[in-house]
Amino acid sequence: MNEFLQSVQGIFQASGFSVNDWRNYIMIGIACVLIYLAIKKQFEPLLLLPIAFGMLLVNLFPAIMVPPQTTMQLVSDYMAAHGGAVGNYPIVVLNGQQYYQVTQVGGLFYYLYQGVKLGIYPPLIFLGIGAMTDFGPLISNPKSFLLGAAAQLGIFTTFIGAIFLGFSGKQAGSIGIIGGADGPTAIFVTSKLAPELLGPIAVAAYSYMALVPIIQPPIMRALTTKKERSIVMEQLRPVSKLEKILFPIIVTVIVSLLLPDACPLVGMLMLGNLFRESGVVGRISNTAQNELMNIITIFLGVTVGATATGTVFLSLQTIEIIVLGLLAFSFGTAGGVLFGKLMCWATHGKVNPLIGSAGVSAVPMAARVAQKVGQEENPGNFLLMHAMGPNVAGVIGSAVAAGVLISILG
């Protein structure tokens, strides 16, 4: 009977009920809310669902993110504990005593997370985005570059705000990049500048990407009039195949020469687009768009979510980062819309300011939101292709902003 009770006690002591604290249970609740939003409300489930489930797993079983641990055990003690068996570990002699150098394997997510920590996943995500993206609307209307640039306002205003709150320059730059609404870029910059903040910044960036349909519309409506939202734009000109092939090559050369630190992101983005537009590597293009993109999205999502442990995430610094990230994203949206209003005035009403909100690089979510808000005012309004120009310009713009921050602060 005593042995049975000891076994039950041992199971309880090893269970999550004994190991986890109240912060883990709060994070479990947050994870369940995010899972609900992903499934029931369909807020970008491809991103939000793996992030939320990674958050759930790490707070139920924190050891899933534990790094490898090395301990020193006396050879004699080890053999006594294992019935005289000899261990297959390196032997180290200290003060005349022989020790086994015993290494325990880390948790599964620790190893998957190395792709985030080492900056491997973000360029691969950009490869897939490039293969899925049609740059035709941007080529057809080069003025879209200006809207994509204006939407980066949130990055630099939040950078200043973070400095005033006491963050270092590198940390402020990493927080500010959330304003680009580009998770891979935020991860890439933070892994270079402030890896200690990688968890909360990654979760904030991807969460705001998923919540674009909630965050952006109120800002768009507040900064525009009904008349402006109802503007019907002229059809874009057709873009030739030669233009589409030359565009990724030219952008890669210019950006890489001016900002070498942006080359990994922009280069992979444009390589994926060249796969798409060349028409001669269909299998590679399909793999980049589908299998590779899906695999990296799963690994990136669950490991980013797994950084949100209760002990790390529920802190004042993390709350400040989340609030600053929201401000960064809001300022970015506002910057794009306000510049869209300026273009509307300059063109005598030919540009719908709503497309400026798509200047953040949440492709194609932000463009869809611009289309939805525009159609609410005018059911015959079709802004999607017009909004895709600033949207893909925002992807390039956020990568360029990342290069600027790394060059200055790195």
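Trainee: Which residues do ring pairs link into a cluster?

Mentor: Keep in mind that this is a predicted model: local features need pLDDT of at least 70, side-chain atom pairs count only at pLDDT 80 or more, and totals for chains, interfaces and linings use all residues. Residues are numbered from 1 along each chain as its sequence is written, and side-chain values use heavy atoms, with hydrogens and water left out. Rings of Phe, Tyr and Trp (its six-membered ring) pair if their centres lie within 6.5 Å; planes under 30 degrees apart count as stacked, over 60 as edge-to-face and the rest as tilted. Ring pairs of that kind join up Y78, Y89 and Y100.

Trainee: What kind of aromatic pair do Y78 and Y89 form?

Mentor: A search of the whole structure turns up seven aromatic pairs. For Y78 and Y89 the centres are 5.9 Å apart, with 80° between the planes. That pair is edge-to-face.

Trainee: How many residues apart are Y78 and Y89?

Mentor: Helices (H or I, at least four residues) and strands (E, at least two) are DSSP runs, numbered from the N terminus. Y78 is in helix α5 (residues 75-81), and Y89 is in the loop between α5 and β2 (91-94). The pair links distant parts of the chain, its members being 11 residues apart.

Trainee: Where does F247, the ring paired with F135, sit?

Mentor: F135 and F247 form a tilted pair, 5.3 Å centre to centre with 40° between the planes. F135 is buried because its relative accessibility is 2%, and F247 is buried at 12%. F135 lies in the loop between α7 (121-132) and α8 (136-140), 112 residues away from F247, which is in helix α16 (residues 241-258).

Trainee: Which residues make the nonpolar surface patch?

Mentor: One member, L242, is in helix α16 and is exposed at 55%. In a helix with 3.6 residues a turn, residues three or four places apart point the same way. The patch covers about 500 Å² (Shrake-Rupley method, 1.4 Å probe) and is made by L242, L246, I250, I254 and L258.

Trainee: What covers the buried residues of α7?

Mentor: In α7, 10 of the 12 residues are buried, among them Y121, P122 and F126. Contact means heavy atoms within 4.5 Å. The cover includes α6 (108-117), α12 (183-193), α17 (263-278), α18 (282-289), α19 (291-305) and α23 (384-409).

Trainee: How far apart are the C-alpha atoms of A80 and P122?

Mentor: A80 is in helix α5 and counts as exposed, since its relative accessibility is 64%. P122 is one of the buried residues of α7. Along the chain A80 and P122 are 42 residues apart, and their C-alpha atoms are separated by 49 Å.

Trainee: What box do the C-alpha atoms of the protein chain fill?

Mentor: The chain has 23 helices and three strands. Buried residues make up 51% of its 410 residues. Taken along the principal axes, the box is roughly 85 × 40 × 40 Å.

Methods. Buried < 20%, exposed > 50% of the residue type's maximum accessible area, 1.4 Å probe, protein only. Patch = residues over 30% accessible without salt bridge, like charges linked within 9 Å, V, L, I, M, F, W, Y side chains within 5 Å. Salt bridge = Lys/Arg side-chain N within 4 Å of Asp/Glu carboxyl O.
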